[in-house]
Amino acid sequence: MGEPISITIDQQTVQAAAGSTILEAARQAGIHIPTICYHDYCTANGLCRICVVDVEGSRTLQPACVVQVQDGMVIHTRTERVIRSRRTILEMLASSVNLSEAPEIQDLFNQYHSDASRFPDAEPRHPAVIDDNPMYIRDYAKCILCWRCVQVCAEDAQFTFAINFSGRGYETQISTFYEIPMPESTCVFCGQCVGVCPTGALKPKRQWLLEMGYTPDEIMSLTRSQRQRRKRREEISQNPA
Amino acid sequence: MLKADKVVPTTCPYCGVGCNLELHVRDDFIFKVTSPFNSVVNHGNLCVKGRFGYDFIYNKDRITVPLIRKQPQKPGQRTQAFDRSEWREVSWEEALEYTADRLVEIYQRDGSKAMAVYCCAKATNEDNYLLQKFFRAVFRTNNVDHCTRLCHAASVVALQMAIGSAAMSNTAAEVKDCDVFILTGSNPTENHPIIALQMKAAVEKHGAKLIVVDPRRIEMVNYASLYLPIRPGSDVPVFSAMAHVILKENLYNLRFIEERTENFEAFASSMEKFTPEFAEQISGVDRQLIIQAARMYATARNGAIFWALGIPESTHGTANALSLINLALLTGHVGRKGTGLNPLRGQNNVQGASDSGAMPWHYPGYQAVDIEENARRWEEAWHIEPGGLNRQRGLTTTEILAAVHPGGVRALYIMGENPMMSEPNLNHTRKKMQELEFLVAQDLFINESGAFADVFLPAASWAEKDGTFTNTDRRVQRVRQVIYPRGQSRPDWQIICDLAKRVESRLNRPNSAYWDYNHPSEVLEEMGRCVPDYAGIRYERIEEMGLQTPVPTLDHPGTPYLYSERFPRGRAKFHALEYVPNAEMPDEDYPLVLSTGRVLEHWHGGTLTRHSWMDDLFPEALMDIHPADAARLGIKDGSPVRVTSRRGAIVLRAKVTTKTNIGVVFIPFHFREAAANLLTTDAVDPQAKIPEYKAAVVRVTPASEEELAADIDSQPRGRY
Amino acid sequence: MADLDLSPLLQRLEGYRPLGRTALLPALHDAQNIYGYIPQPAAEAIGRALNVPLADVYGVIEFYSLFYSQPIGKTVIHVCNDPACALAGSETLFKQIRFQQEMVSPNGPPSSLTIEMAPCLGLCEHAPAILVQGQPVARANRQSWQDLVSGKGERPSSVLGGTVSILTANCGLGHTVELSEYLDLGGYQALRKALNTPSRHIIEEIKAAGLVGRGGAAFPTGVKWESAANAPGDIKYVVCNADEAEPGTFKDRVLMEDDPHSILEGIIIAGYAVGAKKGYIYIRGEYLLPYEAMKKAVEDAREAGFLGNNILDSDFTFDIEIRRGAGAYICGEETALFESIEGKRGFPRLKPPFPTTHGLFGKPTVINNVETLANVPVIIRKGAAHYRKLGTPKSPGSKLFCLSGDVVRPGLYEVPFGVPFHHLLYDLAGGVRPGHHFQAALFGGAAGAFATQDHLNVRLTFEDLKEAGLPLGSGVITVFDETRDLRDICLRLARFFAEESCGKCYPCQMGTQRQLEVMERIARGDVRQEDWQRLQDVGWTMTDSSLCGLGQTAASAILSAMKHFPHLFQPA
């Protein structure tokens with residue numbers, strides 16, 4: 001962070017440290033810019049674009065979380081263009097994924113008067129819940145592809161590299177190597193990914209079971225040996241021979 | 001979406017890193033653990049144990065009612081009772097009265113030498129302070145120790161000898177500030193996972209160079225600039241050869257040596273014989289690597305050394321640690337940010353338990369018991385008549401068990417520890433446990449040691465009580481009650497006070513040592529009155545963030561790194577060293593060297609993690625063996641093997657992996673079905689009394705599936 | 001799987017091992033060549049050899065549409081599905097091939113054959129075109145199924161036209177111009193001249209010539225070179241962007257197939273000018289023949305001393321490595337292309353920093369389009385002043401145009417900047433196909449905009465087109481006669497972007513999909529009142545807020561269609 005420089009945000013003159021982002025400068029000035037993928041302790045990638053702002057002289061809108069302030073920069077955080085982008089991104093999100101456990105995104109819905117049913121043709125992403133390990137489940141129907149889990153599994157924290165992507169574009173999903181079960185991957189179950197997931201797509205298994213209506217006693221009865229006995233029973237009933 | 005009733009900040013109960021946790025509770029059930037991202041210790045990162053490994057609290061096998069054995073136990077015929085049917089559920093009143101009666105009976109008959117206690121590096125500072133106070137002030141014995149004896153005792157002794165203080169000199173997170181660091185006898189990705197993250201970031205993002213010196217090809221080798229694959233037990237030759245090179249090439253820090261150290265000449269002349277050629281011969285490490293490592297460390301602007309139990313757990317553990325200290329003194333890499341001598345402490349509160357006096361030679365604050373002035377200070381604090389406290393050094397962990405015989409130790413009180421898994425040469429330990437006259441177990445589960453007990457006192461878990469832990473970088477942090485104690489279980493500090501009062505009244509002591517605390521914060525304050533390093537710590541000061549000791553006054557900000565101006569003993573002392581081989585060296589009958597240790601998913605004797613879903617992740621013991629050795633012995637990955645030492649034999653599955661080097665096998669010690677410590681030797685370091693866990697010689701032969709323990713039905717997990 | 005023989009792969013991997021991750025795409029290509037797809041053990045071996053996390057290896061396989069993680073047929077047929085081929089009946093062709101295949105093997109598809117729809121194959125002048133095992137087949141609908149699957153289909157040959165032949169001087173000869181022939185035609189004289197000129201003078205000359213990028217962005221080439229030359233650092237790169245994938249574009253393919261050395265000469269001069277020692281040519285995965293032509297040219301040039309140490313006895317040392325893409329339009333975006341060379345998914349990077357300071361492997365990099373680089377020897381040999389005699393002051397030189405669709409003579413046309421559109425369309429290309437008349441033309445490909453009758457007189461220069469609201473792009477013009485339903489064309493463009501979006505930023509990741517879903521319904525004739533605003537919101541959100549050029553232009557054609565043909569997007 002260098003010398004303070006002067007910028008204008010929404011007609012307000014703001015002093016900001018050279019090298020700081022528009023988001024940081026706005027926060028310091030008490031101007032709220034919404035974010036979704038951004039996390040203070042992860043590398044910012046400017047993915048969600050909900051933080052875009054209008055910077056005079058720029059052809060396109062600029063993501064506040066990564067664009068650094070320049071001396072004399074004139075920034076508008078709530079122009080019609082900005083609002084349209086934010087509202088539409090929210091509407092597209094709602095038509096793509098299950099946001100029921102993303103209260104912060106739901107709040108933005110109200111702020112931007114977004115219509116969750118804006119896209120009746122939309123085919124949401126709804127892969128099945130992956131329950132392949134004793135520690136956490138992966139419900140990618142709730143995944144907004146903020147990349148935080150991939151980043152903390154890699155250089156942002158853990159250097160484990162157990163997950164990356166499958167597919168591309170709209171069909172992108174977080175995945176292990178050839179979609180192998182997590183225990184066969186390099187995963188060390190640190191749960192850094194669970195810790196940064198903003199939408200409940202990654203969730204401790206015990207929380208998931210509790211939400212499904214199991215009582216704590218029932219949950220704690222699900223020991224390995226009991227689960228295995230149950231599995232064996234199922235196998236026997238399917239294949240009596 | 002599940003809403004938490006409350007989210008309570010606390011400190012992780014597993015390793016010495018001391019990660020900050022937030023426990024999310026619903027209807028007294030912890031369903032999620034998170035960590036604040038602004039935590040100075042772990043920045044929101046956790047490992048599998050911290051994030052998911054707390055469920056032992058709710059395990060069905062947990063004991064939450066006081067128990068007394070149905071069948072009275074006699075010395076020499078004592079049995080293990082794992083089954084609840086062998087125990088009688090009793091009231092707290094009955095359990096404590098019974099315990100007090102038996103303890104007093106033995107004490108009055110045989111005196112203080114018959115009494116001994118194992119404190120616990122998992123329990124809080126307050127619990128440990130009170131338990132050692134109980135045995136010192138009431139039973140007048142210094143037979144007080146805990147598992148530090150089995151982990152860093154030699155590091156502690158060496159640091160005391162050379163510097164005069166035994167903790168990590170710097171903060172772990174400072175690894176990002178060094179340009180070269182040596183990692184030896186430590187596998188942080190499994191044992192100090194969050195420090196491992198900081199080390200990886202130091203290499204990948206801050207340009208630090210890493211030198212790994214280890215008999216195992218641990219994961220951190222992937223991040224290393226140099227890897228020195230030493231044979232177990234060749235630490236002194238390798239590090240002394242580095243010193244030899246540094247001396248020979250004039251890479252040492254003369255000014256530092258002159259201003260801040262002593263005994264340099266004697267040390268330097270003892271290094272003459274440690275040529276790189278000699279070290280290569282002993283260690284099997286290419287001499288060029290040793291020379292490169294010496295130059296890299298010596299010419300660093302800031303160099304640091306991190307070590308864990310590979311250094312101290314040896315019959316020459318003290319010398320091993322001294323060889324590292326010599327290097328740091330020679331180069332002046334101590335007393336600045338990003339440098340230092342950093343023994344990574346194992347347990348969440350091993351630093352704190354040691355600080356709190358859970359040691360046979362020291363009162364709290366490392367005040368030697370055999371110095372009159374210290375004894376007087378504590379006599380005054382505990383309202384004891386002058387001369388009342390025992391001035392004799394007590395027995396260490398291993399010595400306590402060795403002294404179990406008529407005329408020796410008769411009564412043993414175990415809080416939380418599990419010597420029947422953690423002591424070396426368990427067959428010997430078993431005999432000694434059987435010979436006890438009276439055994440108290442205070443724990444969460446009936447583990448292999450508690451199964452021998454006469455009385456079982458159900459303790460509250462870390463989430464069910466208040467207190468403090470002191471982590472590996474001396475940070476005193478809060479532990480908070482999050483849920484109610486399960487069943488009738490009670491916090492350790494309450495059990496101890498209740499029992500101590502009953503014992504005191506039976507002994508007709510004129511003054512009570514004082515046991516009427518309303519809250520653990522009062523215990524810490526009491527300790528701080530006589531322990532200057534803790535004098536400035538109050539609960540209200542550490543609600544948000546812990547303080548690093550020393551904290552001598554109420555306005556002191558804590559001490560991130562030590563020795564910037566002076567060493568506790570004044571000048572730091574170089575030590576001349578000799579090469580001493582391991583107690584056992586490989587031979588025709590026992591051609592392989594066995595090293596023991598931990599895996600990421602489990603904790604020590606397994607009392608907690610094997611009662612957790614963690615056990616699903618790593619359900620059975622595996623022996624790491626190098627592909628070349630495996631091929632030679634006809635062993636396939638996953639096939640059962642029998643491992644035999646001079647002391648015992650176990651059967652477990654082999655994992656064929658290059659993670660271990662040729663000639664070395666590795667077995668974690670968590671699994672009672674294949675307890676690694678049946679094999680280890682109880683030969684100890686003469687100065688620190690620490691056993692040689694890292695080098696027993698063994699023979700490995702193929703075994704049959706039938707020989708494997710019966711209840712193992714899971715496949716070993718795959719690891720890429 | 002258990003008996004998979006990894007030894008041929010492991011042998012290849014030994015050579016790649018020292019390169020690390022950057023060898024990932026080449027290694028995956030090799031694995032696919034050996035096994036027909038990329039089996040899991042092969043991917044694992046590659047990850048281990050190159051020290052790439054296995055999850056990342058899978059992520060890369062999954063990103064590129066030409067890599068298969070599951071077994072596929074021995075013979076793979078790609079049928080182009082984009083506008084030019086669609087107009088020529090590619091959809092019927094696809095059904096016919098499927099049908100024929102089922103006739104031969106009534107119990108489901110034979111495991112030996114995989115047929116897939118593909119994005120534009122860059123063979124628009126030969127529509128409908130297909131690839132059989134990577135080999136192009138022209139006018140595939142006129143050939144028997146047996147000929148197609150047995151590889152006996154008609155080979156395309158270059159169709160050239162225009163009023164000047166500067167860049168295409170050596171093209172259309174019916175064969176690839178070999179090194180000796182190129183030298184006879186005056187080749188590598190520009191390089192010889194350049195090496196005797198201070199590098200900054202070369203940059204001045206390029207600036208003076210007014211050369212701007214031909215890949216679509218029209219950035220001044222000399223300024224780019226100067227910036228990279230001035231950037232601090234000893235290691236610099238030149239990258240030739242031959243990832244030509246904009247639907248309707250095939251100019252770079254023709255240049256590479258017919259006259260590869262002119263491109264090499266341009267790259268080497270660029271390397272000399274900016275102080276690079278290494279150049280890369282990144283060729284799209286579908287371009288097998290251009291890849292082979294360029295590969296041979298690089299080998300020949302190296303042999304002859306035009307590449308390597310002390311080129312032409314100067315103290316300039318430079319070499320070129322060729323990389324193949326693997327089916328990802330986004331890799332034509334310069335930073336995504338870098339990521340791909342580095343062995344990663346082709347995600348575009350945030351800009352700034354720009355490639356001239358932080359490019360390939362984080363080093364200062366000049367990246368230029370094939371056609372741009374082909375201009376370089378011309379400028380150096382004859383001088384900027386001579387170069388500027390053609391074209392207009394603001395758009396000097398000549399330009400290649402790719403004409404396809406409903407024109408009489410689809411092909412590659414070289415004309416000086418400034419000729420009117422109708423001249424190109426009617427005088428040179430023979431006009432709209434017989435019996436029909438002009439309805440619209442798509443300028444700039446999928447990322448472009450529609451021209452109407454009103455634009456027929458527009459002069460083909462950067463400045464005139466800009467004023468008319470039309471992109472010159474890479475020089476694509478796809479023509480539609482009055483019988484064509486532009487909604488169907490828009491649907492194809494929408495599908496193209498939905499298929500090719502990398503998925504990194506939200507506006508494009510979801511916007512391309514939402515745009516496709518709405519267009520699918522509209523193309524069926526089910527247009528609703530709200531669709532107008534839906535498409536406008538999605539379109540402008542992508543345009544305003546997407547991270548890279550792909551997203552920013554993913555709606556431009558549809559938005560321009562809505563502007564010029566609003567009735568198509570409104571309920572009847």
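The axes of helix H2 (residues 80-96) of chain A and helix H21 of chain C come within 10 Å and cross at roughly 65°. The crossing of H2(A) and H21(C) is left-handed. These values, like the others in this report, come from a predicted model.

On the chain A side, the residues that meet H21(C) are A:Ile89, A:Met92, A:Leu93 and A:Ser96 in H2(A). Their partners in H21(C) are C:Tyr506, C:Pro507, C:Met510, C:Gly511 and C:Arg514. By type, the residues of this helix contact divide into six nonpolar, two polar and one charged.

The contact between the two chains takes 40 residues from chain C and 37 residues from chain A. On the side of chain C that touches chain A, four helices of chain C each supply at least two residues: H4 (54-63), H20 (486-500), H21 (506-523) and H22 (531-545). Which of them gives the largest share? That is H21(C), with 11 residues.

The residues on this side of chain C divide into 17 nonpolar, 12 polar and 11 charged.

## The contact of chain B with chain A

Chain A is also in contact with chain B: 31 residues of chain A meet 35 residues of chain B. The elements of chain B that give two or more residues to this side are strand E3 (29-34), helix H1 (48-52), helix H6 (193-206) and helix H20 (614-617). The chain B residues on this side divide into 17 nonpolar, seven polar and 11 charged.

## Chain B as a whole

Chain B contains 21 helices and 28 strands. Its C-alpha trace spans about 70 × 65 × 65 Å along the principal axes. A compact globule of 720 residues would have a radius of gyration near 27 Å, and the 24 Å of chain B agrees with this.

Of the 720 residues in chain B, 61% are buried. Contacts in chain B between residues at least 6 apart in sequence can be sorted by separation, and 75% of them join residues at least 24 apart.

## One helix inside chain B

Helix H19 of chain B covers residues 520-530. Its buried residues are B:Pro520, B:Val523, B:Leu524, B:Met527 and B:Gly528. Seen down the axis of H19(B), these buried residues fall within an arc of 135°, so they line one face of the helix.

What covers the buried residues of H19(B)? The covering elements include helix H3 (125-138), strand E19 (467-470) and helix H18 (492-507) of chain B.

## Chain C as a whole

Chain C has 24 helices and 14 strands. The radius of gyration of chain C is 23 Å, close to the 25 Å that the globule rule gives for 572 residues, so chain C is as compact as a globular protein of that length. Along the principal axes, the C-alpha trace of chain C spans about 70 × 65 × 45 Å.

Buried residues account for 58% of the 572 residues in chain C. Among contacts in chain C between residues at least 6 apart in sequence, 72% join residues at least 24 apart.

## Cis peptide bonds

In chain B, a cis peptide bond joins B:Thr549 and B:Pro550, with omega about 0°. B:Pro550 lies in the loop between strand E21 (547-548) and strand E22 (572-573) of chain B.

In chain C, a cis peptide bond joins C:Lys351 and C:Pro352, with omega about -5°. C:Pro352 is in the loop between helix H15 (334-341) and strand E9 (365-369) of chain C.

## Residues with positive phi

B:His604 has phi near 40°, a positive value in a residue other than glycine. The residue lies in the loop between strand E23 (592-597) and H20 of chain B. Is B:His604 buried or exposed? B:His604 has 23 other C-beta atoms within 10 Å, and a residue counts as buried at 20 or more, so B:His604 is buried.

C:Arg139 also has a positive phi, near 40°, and is likewise a residue other than glycine. C:Arg139 is found in the loop between strand E4 (135-137) and helix H7 (145-149) of chain C. With 18 other C-beta atoms within 10 Å, C:Arg139 is partly exposed.

Methods
Residues are numbered from 1 along each chain as its sequence is written. Chains are lettered from A and ligands numbered from 1 in the order in which they are written. This is a predicted model: local features need pLDDT of at least 70, side-chain atom pairs count only at pLDDT 80 or more; totals for chains, interfaces and linings use all residues. A residue is buried if 20 or more other C-beta atoms lie within 10 Å of its own, exposed if 12 or fewer, and partly exposed in between; C-beta atoms are placed from the backbone. The arc is that of the directions from the helix axis to the C-beta atoms. Two residues are in contact if their C-beta atoms, placed from the backbone, lie within 7 Å. Ala, Val, Leu, Ile, Met, Phe, Trp, Tyr, Cys and Pro count as nonpolar, Asp, Glu, Lys and Arg as charged, and the others, Gly among them, as polar. Axes are lines fitted to C-alpha atoms, for helices over the stretch in contact, and angles run from 0 to 180 degrees between N-to-C directions. A crossing is left-handed if the near helix is turned anticlockwise from the far one by less than a right angle, and right-handed if clockwise. The radius of gyration is taken over C-alpha atoms; the globule rule is 2.2 Å times the number of residues to the power 0.38.
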